[in-house]
Amino acid sequence: MKLRFWFLLPAWLWLLALFAAPFAIVLAYSFLTRGVYGGIEQPWTLDSYTRLFDLLYLTILVRSFAMALAATGLCLVFAFPAALFISRAQRHRNLYLQLVMLPFWTSFLVRTYAWLFLLRDTGLINTALQAIGVIHAPLPLLYNDGAVLLGLVYGYLPFMVLPIYATLERLDPALVEAAGDLGARPLATLFRIVVPLSRPGIVAGAVLVFIPCLGAYLTPDLLGGGRTVLVGNLVQNQFTTARDWPFGSAVSILLMALVTLVVWVMLRRQGDSLV
């Protein structure tokens, strides 16, 4: 028991220094008052939490959840066929996996900036469409919800592909063959055999995509141009431009609580399905 304690002590100290202590500071800030020139001061108050029920901030929260759910759903739609193809590939499987992980070799900021050059009015897409005569005026591809959603799906798609692939790669091919021998059509086999057995990978991928999409601020800031404000942008603005640290801390605490609740519900349902 003592040996186990000493082995776990560095991990507990690491969590205490990098999670528990910062969380306690943010929690304390959320109950304080904004200073005249920014910062924090007493008295202790609940004003920051009561402001969260303002229609403006509730709208931002709902928009953030809708955008995160849409991005997660689209990632699942694109990731499942890709993961299934890679798991069934007899040759070049490692190459396909490397192509999925290739974006991680480049900075996320650089990849997001690349979409600016592709989607802007004088970007590659509009220029190519105008050159072949499909359009006569540039399409509004940038600084809208569609551009933000595209950036989120592009940025977090590998986080959905890899967990699903890990589940499908361990799937016993005999189950699929048995379904075919019993007369099941390919679509029936897919939705009644393959998809249910790959549920752990789907749940893991959904968690890995939904959480960062819900708190994203870089992609909405660059591709949304300030027109698509999500909860991550709200927190960033409160700590920088508005200098309202108590309200920014309250939004952060609310976001952490909602994310924890969502993950707990998903993991609980996943655990119940395995029983």
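Me: What should I keep in mind about the ground rules here?
Reply: The model is predicted, so local features need pLDDT of at least 70 and side-chain atom pairs count only at pLDDT 80 or more, while totals for chains, interfaces and linings use all residues. Residues are numbered from 1 along each chain as its sequence is written, and side-chain values use heavy atoms, leaving out hydrogens and water.

Me: How many helices and strands are there in the protein?
Reply: There are 13 helices and two strands. The C-alpha atoms fill a box of roughly 75 × 70 × 35 Å along the principal axes.

Me: How do you know that the span of H5 agrees with a helix?
Reply: The expected span is 1.5 Å times one less than the number of residues. H5 covers residues 108-119, twelve residues, so it should span 16 Å; its end C-alpha atoms are 17 Å apart, which agrees.

Me: And what about H7?
Reply: Its 25 residues should span 36 Å, and the end C-alpha atoms are 35 Å apart, so that agrees too. H7 does have a kink of about 45° at Tyr-156, shortly before Pro-158; the bend is the angle between axes fitted to the seven residues ending there and the seven starting there.

Me: Which residues of H5 are buried?
Reply: Arg-111, Thr-112, Trp-115, Leu-116 and Leu-119. Buried means under 20% relative accessible area, with exposed over 50% and partly exposed in between (1.4 Å probe, protein chains only). Across the protein's 275 residues, 35% count as buried.

Me: Why say that the buried residues of H5 line one face?
Reply: Seen down the axis of H5, they fall within an arc of 160°, so they line one face of the helix. The arc is taken from the directions from the helix axis to the C-beta atoms. Their cover includes helix H6 (124-131), helix H7 (145-169) and helix H11 (218-223).

Me: What makes Ser-107 a cap for H5?
Reply: A side-chain oxygen of Ser-107 lies 3.2 Å from the backbone nitrogen of Leu-109, at the N-terminal end of H5. A polar contact is a pair of N or O atoms within 3.5 Å; within protein, one must be able to donate a hydrogen and the other to accept it, and residues adjacent in sequence count only if both atoms are side-chain atoms. Asn-144 caps the N-terminal end of H7, with a side-chain oxygen 3.2 Å from the backbone nitrogen of Gly-146.

Me: Why is Tyr-143 called partly exposed?
Reply: Its relative accessibility is 37%, so Tyr-143 counts as partly exposed. Tyr-143 is in the loop between H6 and H7, and has a positive phi of about 65° although it is not a glycine. Most residues other than glycine have a negative phi, and most peptide bonds are trans.

Me: Where is Arg-243?
Reply: Arg-243 lies in the loop between helix H12 (231-239) and helix H13 (245-274). Its phi is positive as well, about 55°, although it is not a glycine.

Me: Which residues does a cis peptide bond join?
Reply: Gln-42 and Pro-43, with omega about 20°. Pro-43 lies in the loop between strand E2 (40-41) and helix H2 (47-50).

Conventions: Helices (H or I, at least four residues) and strands (E, at least two) are DSSP runs, numbered from the N terminus. Contact means heavy atoms within 4.5 Å.
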